[in-house]
Amino acid sequence: MLEFCPKCEGLLMPKKQKSKTVFYCPHCGFEQKPKKKTANDYKVVWKIEHTPKDEIIVVEGPKKLGKKDKELMKEEMEDYYRSMLEFYPEEGD
Ligand SMILES: [Zn+2]
């Protein structure tokens with residue numbers, strides 16, 4: 001379900017653009033318009049919560065994902081956000 005950048009193989013992030021959702025690569029700026037079905041399926045809410053001790057990242061995946069997929073996705077997103085937060089420590093919502 002996750003989309004990867006064809007240029008640098010980074011994980012593409014969903015980005016709302018007007019009424020539609022596109023995927024973009026934070027690493028190289030690549031943008032990809034998803035297929036119609038993908039846009040609807042890819043309703044994901046990501047929350048990043050900070051605690052004084054550590055970063056806790058909660059990932060709520062698409063409803064269609066199974067438990068295993070969610071766990072996998074969560075692990076990937078945790079790693080991904082860790083690297084992202086290092087690059088953009090001040091970026092909020
Ligand atoms: Zn890229």
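Predicted model: local features only at pLDDT ≥ 70, side-chain atom pairs only at ≥ 80, totals over all residues.
Glutamate 31 comes out as partly exposed, its relative accessible area being 41%. Averaged over the protein chain, pLDDT is 72, with 55% of the residues scoring at least 70. Of the chain's elements, strand S3 has the highest mean pLDDT, at 86, while helix H1, covering residues 36–41, has the lowest, at 52.

Glutamate 31 also has a partner. Its side chain meets that of lysine 15 in a salt bridge, with 3.0 Å from N to O. Since lysine 15 sits in strand S1 and glutamate 31 in strand S3, the pair ties together parts of the chain that are 16 residues apart in sequence. As background, oppositely charged side chains can pair when their charged atoms come close. The salt-bridge count for the model comes to 1.

Both of these residues belong to the sheet, so a look at its layout comes next. Here 3 strands make up an open sheet, ordered S1-S2-S3, with antiparallel pairing. At the edges lie strand S1 (13–17) and strand S3 (31–32), each of which pairs on one side only. Strand S2 takes in residues 20–24 and runs antiparallel to S1, the two being joined by 5 bridges. Within this arrangement, lysine 16 stands opposite threonine 21 of S2.

Then there is the metal. The zinc ion has as its protein donors the SG atoms of Cys5, Cys8, Cys25 and Cys28, which lie 2.3 to 2.4 Å away from it. Along the sequence, these donor residues follow the spacing C-x2-C-x16-C-x2-C. The geometry is tetrahedral: angles among the 4 donor atoms of the zinc ion run from 99 to 123°.

Cysteine 8, at 37%, counts as partly exposed.

How values were computed. Residues numbered from 1 in each chain as written. Heavy atoms only, no water. Donors = N, O, S within 2.8 Å, 3.2 Å for Na, K, Ca; no water. Tetrahedral: all angles 85-135°; square planar, octahedral: opposite > 155°, others 65-115°. Buried < 20%, exposed > 50% of the residue type's maximum accessible area, 1.4 Å probe, protein only. Pairing = 2+ DSSP bridges. Helix = DSSP H or I, 4+ residues; strand = E, 2+ residues; numbered from the N terminus. pLDDT = per-residue confidence, 0-100. Salt bridge = Lys/Arg side-chain N within 4 Å of Asp/Glu carboxyl O.
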